[in-house]
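Subject: Structure for your review

Dear colleague,

My notes on what was found follow it.

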Amino acid sequence: MKRCFESFGAIAAITDRCDEQGLGAYDFSHDKIRDVAYAEMSQARRSLCHRRAAQALEALYAADLGPVCALIAAHYERAGLAEQAVSYYRLAAEAAQHLY
């Protein structure tokens, strides 16, 4: 995933981290750096990075996709892959119904 940000001189300001759910994430030293990094990417590059993120989550959580379905769906949606996004949004809705 770091390859998605390689074109930025601010790469030193980006650190890998895991959030509370154990999902990989990026921690930017400042919100503006994140905003600029994202804005500087071409739409094609953003789509590619979101597709890769969705695929990585699918592989990492293949045994139990329930907790990450909405996140996968959001990445597929941002990647412009509506069919995959809809499938995962449906799975996320089903997972939420089982919780409540």
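Please note that the model is predicted.

Confidence

The average pLDDT of the protein is 79, and 71% of the residues score at least 70. Among the elements, the lowest mean pLDDT, 44, belongs to strand 1 (residues 14-18), and the highest, 96, to helix 3 (residues 69-78). Over residues 7-23 the pLDDT stays under 50, and for this stretch the model has 33 contacts beyond four places in sequence.

Overall packing

The protein has 100 residues, of which 30% count as buried. Among contacts with a separation of 6 or more, 35% are accounted for by residues 24 or more positions apart.

Buried residues in helix 3 are Cys69, Ile72, Ala73, Ala74, His75 and Tyr76. The cover over the buried residues of helix 3 includes helix 2 (43-60) and helix 4 (82-99). Helix 3 is followed by Gly80, which has a positive phi, near 80°.

In general, nonpolar side chains tend to be buried together in soluble globular proteins. In this model, the largest nonpolar core consists of 11 residues: Ala54, Leu57, Tyr61, Val68, Cys69, Ile72, Ala73, Tyr76, Ala85, Tyr88 and Ala92. Helix 2, helix 3 and helix 4 are the elements that give two or more residues to this core. Helix 3 supplies the largest share of the core, 4 residues.

The aromatic pair

A search of the whole structure finds 1 aromatic pair. The pair is formed by Tyr76 and Tyr88 and is stacked, at 6.0 Å centre to centre with 25° between the planes. Because Tyr76 lies in helix 3 and Tyr88 in helix 4, the pair ties together parts that are 12 residues apart in sequence. Tyr76 has a relative accessible area of 5% and is therefore buried, the cut-off being under 20%. Tyr88 is also buried, with a relative accessible area of 11%.

The histidine contact

Which side chain makes a polar contact with the side chain of His75? The partner is His50, whose side chain contacts that of His75 at 2.9 Å. His50 is found in helix 2, and His75 has its place in helix 3. Are these histidines buried or exposed? His75 is buried, because its relative accessible area is 14%, and His50 is buried as well, with a relative accessible area of 10%.

Leaving aside residues up to four places away in sequence, His75 touches His50, Ala53, Ala54 and Leu57. Of these, Ala54 and Leu57 also belong to the largest nonpolar core.

With kind regards

Technical notes
Residues numbered from 1 in each chain as written. Heavy atoms only, no water. pLDDT = per-residue confidence, 0-100. Contact = heavy atoms within 4.5 Å. Buried < 20%, exposed > 50% of the residue type's maximum accessible area, 1.4 Å probe, protein only. Core = buried A, V, L, I, M, F, W, Y, C linked by side-chain atoms within 4.5 Å. Polar contact = N/O pair within 3.5 Å; in protein donor to acceptor, adjacent residues only side chain to side chain. Phe/Tyr/Trp six-rings, centres within 6.5 Å; stacked < 30°, edge-to-face > 60°.
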